[in-house]
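Me: I am new to this structure and would like to go through its side-chain contacts. Please keep the answers plain.

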Amino acid sequence: MDNDLLKKYGVSQDFVDYMEPNKRTERMVDLVNNDYIKGIKIAYLPLLAGIGACMVEIHPEAGHNFFYVVDAIHNCYKKNPQGGYDKGYADGLYALISVSSAKVGSLEQLLRILFYQLDKEKDGTAAFKIDIDDMIAKINALICENREVYRKDYAMFDSWLERYKKIAKEEYGLELG
């Protein structure tokens with residue numbers, strides 16, 4: 001996008017900034033966090049899951065890009081460490097755990113978000129850490145309680161889970177499943 005051309009035709013800088021995916025996602029995180037601060041404990045759930053207006057697509061039809069969301073949450077936290085972004089994000093992850101009991105796709109998205117968070121923690125780009133031990137314990141309980149439901153949803157669930165168990169163990173030292 002040619003920012004100079006947009007300015008020439010009177011497009012405001014605020015709109016130009018909004019069109020940048022990183023800034024647009026940070027703005028969305030700020031709006032969600034405002035709801036979280038007001039007491040809506042699951043405010044981050046739609047943002048993490050990419051539900052409705054909280055879907056972050058970098059290109060049309062590309063699907064939800066949770067990488068931008070997690071990065072934006074960390075960027076917002078860096079700008080305002082007392083803003084509650086870390087707590088809202090953690091509560092959103094716990095909410096995502098609680099609603100991931102029927103579909104393997106939801107569980108996979110949850111694990112991919114957690115693994116990305118852990119990658120950020122490992123490479124030093126995370127502005128804060130999450131309580132991964134507690135989350136993994138809750139995910140393991142979720143898998144144990146819903147194993148048959150997952151198998152009905154996806155016939156290859158057991159091999160799928162083995163692959164994620166291997167990643168969790170080799171990359172992060174975590175016992176999954």
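Me: How many salt bridges does the count come to?

Reply: This is a predicted model, in which local features need pLDDT of at least 70, side-chain atom pairs count only at pLDDT 80 or more, and totals for chains, interfaces and linings use all residues. Residues are numbered from 1 along each chain as its sequence is written, and side-chain values use heavy atoms, with hydrogens and water left out. A salt bridge here is a side-chain nitrogen of Lys or Arg within 4 Å of a carboxyl oxygen of Asp or Glu. By this rule the count is ten.

Me: Which residue meets Glu 171 in a salt bridge, and in which helix is that partner?

Reply: The bridge to Glu 171 has an N to O distance of 3.8 Å, and the partner is Lys 122. Helices are DSSP runs of H or I with at least four residues, while strands are runs of E with at least two, numbered from the N terminus. The pair links distant parts of the chain, 49 residues apart: Glu 171 lies in helix 9 (residues 157-172), and Lys 122 in helix 7 (residues 104-123).

Me: Is Lys 122 buried or exposed?

Reply: Buried means under 20% relative accessible area, exposed means over 50%, and partly exposed is in between, with a 1.4 Å probe and protein chains only. Glu 171 has 44% and is partly exposed. Lys 122 has a relative accessible area of 53%, so Lys 122 is exposed.

Me: What separates Glu 162 and Lys 165 in helix 9?

Reply: The side chains of Glu 162 and Lys 165 meet in a salt bridge at 3.5 Å, N to O. Glu 162 is partly exposed at 45%, and Lys 165 is partly exposed at 27%. Because they are three residues apart in helix 9, the separation is about one helical turn.

Me: How far apart are the closest N and O atoms of Glu 175 and Lys 169?

Reply: Glu 175 is exposed at 53% relative accessibility, whereas Lys 169 is partly exposed at 45%. The two form a salt bridge, with the closest N and O atoms apart by 2.6 Å.

Me: How many disulfides does the count come to?

Reply: A disulfide is a pair of cysteine sulfur atoms within 2.5 Å. By this rule the count is zero. For Cys 54, the nearest cysteine sulfur is that of Cys 76, 13 Å away. The number of disulfides is therefore zero.
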